[in-house]
Amino acid sequence: MSTEVKRLFDQFVNGRNIKGETLTDIIKTAIVSASKKRYGEEEDVRVDFDPESGKIRAFFKRKVVKKIKNPDREIGLKEAEALQKGVSTGDVIEVQIPAEEFGRLAIQAAGQVMLQKIREDERENVFNEYT
C-alpha cells in the first residue's frame, strides 16, 4: 500500500501543482478525520506520513494504569511496557492504530476530506496566479 500512496502523492504534487508540504498536511488531516469518525471526536490522534516512502502511521494517546477502567483511554502497565520501555503508571504513551482497524467508511471519509482540501488548494493556487 505504501508504494501506491507514494505514487499517488507524486502524481498529485507533479500533475496538479500542489506543494508536497500542503499535500502532506492534507493527508494527515484526512487520516485524523477518519480516525475521529471511526473512534469518536474526543479521541486524541497523531498521524505520521513519510512522503518519501508513502508510509502512514496513526497513534492514539493512552494513559498507563495498573487496572484498566476505560479501555478507550487507558492501557495496562504490562501492555505499555511491551510497547515502550521504562514507562510507569500515570504516563501517557502513544499506541499505533493498526491500518486494518480503519473501516471502509472511515477510508472513504478520508478520501473525501483529501479531495475537498486538494480542490481548495487548487482554487487558491489559481486565484493567486491571477492576482
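Modeller: Contact here means heavy atoms within 4.5 Å. The model is predicted.

Colleague: Leaving aside neighbours within four places in sequence, which residues is Arg62 in contact with?

Modeller: Arg62 lies in strand β2. Neighbours within four places in sequence are left aside. The contacts are then Glu43, Pro71, Asp72, Arg73, Glu74, Ile75, Asp91, Val92, Ile93 and Val95.

Colleague: Does Arg62 count as buried or exposed?

Modeller: Buried means under 20% relative accessible area. Arg62 has 9% relative accessibility, so Arg62 counts as buried.

Colleague: Which backbone oxygen does the side chain of Arg62 reach?

Modeller: The distance is 2.9 Å. Asp72 is also among the contacts of Arg62. The oxygen reached is the backbone oxygen of Asp72.

Colleague: In β2, which residue is the bridge partner of Val47?

Modeller: Val47 sits on the covered face of strand β1, with Val45 and Phe49. Strands β1 and β2 pair in the antiparallel sense, over six bridges. The partner of Val47 in β2 is Ala58.

Colleague: In the hairpin of β1 and β2, which residue takes a positive phi?

Modeller: Four residues stand between the two strands. A phi near 85° belongs to Gly54.

Colleague: Which element gives the most to the largest nonpolar core?

Modeller: That core has 15 residues, and those with the most contacts inside it include Leu23, Val45 and Ala58. The elements giving two or more residues to it are α1, α2, β1 and β2. With four residues, the top contributor is α2.

Key
Residues numbered from 1 in each chain as written. Predicted model: local features only at pLDDT ≥ 70, side-chain atom pairs only at ≥ 80, totals over all residues. Heavy atoms only, no water. Buried < 20%, exposed > 50% of the residue type's maximum accessible area, 1.4 Å probe, protein only. Pairing = 2+ DSSP bridges. Core = buried A, V, L, I, M, F, W, Y, C linked by side-chain atoms within 4.5 Å. Polar contact = N/O pair within 3.5 Å; in protein donor to acceptor, adjacent residues only side chain to side chain.
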